[in-house]
Amino acid sequence: MANRSVETAVDRASTPRAWGLLMVVCGALFLEGIDIAMLNVAVPVIAADVGLSAGAAHWVISAYVLGYAGFMLLGGRTADLVGRRRVFLVALSVFVVFSALGGLADVDWVLVLARFATGVSAGFLTPAGFSLVATTFPEGPLRDRALVVYGSVGAAGFVLGTVAGGVLASASWRLVFFGPAVLGLLLLGAGAALIRPDEQSPTPGGFDVGGAVTATAGMVAVVYAVIAVGEGGGLGPAGLAVAAAIVLLGAFVAIESRHRSPLLRLGMLREGLLLHVSIAGLLFMGAFFGFQFAVTLYLQDLRGWSPLEAGLTFAIMGLDLVAAPLLTPPLVRWFGAARVMTVGFVAAAVAFGRLVPLGDDWSYVDFLPSLLLVAAAFALVYGPLTSLAAEGVPESEQGAAGGVVYTAFQFGGALGLAGVTVALNAGHADGAVLGDYQRALIVPTLAAVAAVVVGVLAVVRRRQDGTTGG
């Protein structure tokens, strides 16, 4: 009987409809990636047009990160309880509406509010999409292949969004918002047609309201503390936010340990490699966002390159979109997902480390080896990491697992940006000089090295558990 149910799951996952669903969910993750990355390039133009001061301009990005990271755990568990299709399509609809509102904004508070709401919608959209993939494709080669494709498309969004942002911002910054809204509408129509109706059964114990409130408020407080440090506003606001986060997250742990149907079953973090890959993902994405931010500022502020020229510099990293589906699945079969992921971390550490002795006259050719290594890192890391996160997690908790992983990604991105910003601001008050950029690039290098260490620990854990494919 069990064999028959497995065969049925495999047959259903092999249908064109299942692979069409994968393309829709990949499109949504790509949409989320380009939405973040495009704003990194377009913020100076946007801030000048809507009247945001230089010190407040970062809120165009920070408001999104607050909403995204703060609501990710809630979004993942809601998808498990309410229905993955329902949450995915509703969140995508909200994403489209507020992206369009951002494009129409003429005053700063409307723009920041739209970005926060868009981030909240992404906090529901991403874990719902992750759990759709993980529950459509049964654990094994089919799921591994699907998650490699899913991860590579998402990674390409982070990379190619910088290019798209430079192109669109050169015409009008409003296109940076209208473009995702149009793409989101297309995905909404395809998703409504291709995603099967939800089949989840009600979970006993009810919805964990206390866990939802404390987790969301606690994560918002943590991310706000990171942002406050990054903007150089002193330790006062950051200290208050950290204190609030400690109280709220402590209350969250206490609630989760007693609730019949917790927002996040704490035991999940001790099972499999979810905790390992979440920490590794935090470090890797922090390193990448810090690297991209530092290099973008170097090219535009120190070298005088235009947003379009700076954006096109990163285009070569989009090779991961081709390399990951072709090369990563056989590598995972031969060497195991944990080992492949760890080699990707090594590639990232080498890529960022070779940029530390940055020169004041570096050209595109000087950056090219590191850009190619970053493309290789994404191809080797993103798919295997998401596959390891889903491995061994029951279907009823796949949304929660996705919430954990993608919360780590967003928190890592915020930490990476804050670390680089602090390193740059620690130098010259009248503007960063070459030495400040060199110091800032030490931050992503150290983060990538730490990811290598966590990757090695994951490989060791696989050996100790006696599992294959470590």
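**Briefing: confidence, cores and a helix pair**

The protein averages a pLDDT of 84, and 91% of the residues score at least 70. This is a predicted model. Its largest nonpolar core has 116 residues. A second, separate core has 30 residues.

**Confidence**
- Among the elements of the protein, α13 has the highest mean pLDDT, at 96.
- Helix α1 (residues 2-13) has the lowest, at 45.
- Residues 1-11 have a pLDDT below 50. Beyond near neighbours in sequence, this stretch makes 4 contacts in the model.
- Where pLDDT is low, the predicted coordinates should not be read in detail.

**Nonpolar cores**
- Within the core of 116 residues, Phe88, Tyr150 and Phe291 have the most contacts.
- Helix α10 (residues 274-302) supplies the largest share of this core, 14 residues.
- The second core, of 30 residues, includes Ala42, Val43, Ile227 and Ala245.

**Helices α12 and α13**
- Helix α12 covers residues 320-335 and helix α13 covers residues 337-353.
- They pack at an angle of about 120°, with their axes 7 Å apart.
- Angles of 65 to 115 degrees count as roughly perpendicular and those over 145 as roughly antiparallel; α12 and α13 are therefore oblique to each other.
- From α12, the residues in contact are Thr328, Leu331, Val332 and Phe335. They meet Ala337, Arg339 and Val340 of α13.
- By class, this contact of α12 with α13 has 5 nonpolar, 1 polar and 1 charged residues.

Terms used. Residues are numbered from 1 along each chain as its sequence is written. This is a predicted model: local features need pLDDT of at least 70, side-chain atom pairs count only at pLDDT 80 or more; totals for chains, interfaces and linings use all residues. Side-chain values use heavy atoms; hydrogens and water are left out. Axes are lines fitted to C-alpha atoms, for helices over the stretch in contact, and angles run from 0 to 180 degrees between N-to-C directions. Helices (H or I, at least four residues) and strands (E, at least two) are DSSP runs, numbered from the N terminus. Angles under 35 degrees count as roughly parallel, over 145 as roughly antiparallel, 65 to 115 as roughly perpendicular and the rest as oblique. Contact means heavy atoms within 4.5 Å. Ala, Val, Leu, Ile, Met, Phe, Trp, Tyr, Cys and Pro count as nonpolar, Asp, Glu, Lys and Arg as charged, and the others, Gly among them, as polar. A nonpolar core is a set of buried Ala, Val, Leu, Ile, Met, Phe, Trp, Tyr and Cys residues joined through side-chain atoms within 4.5 Å. Buried means under 20% relative accessible area, exposed over 50%, partly exposed in between (1.4 Å probe, protein chains only). pLDDT is the predictor's confidence in each residue, from 0 to 100.
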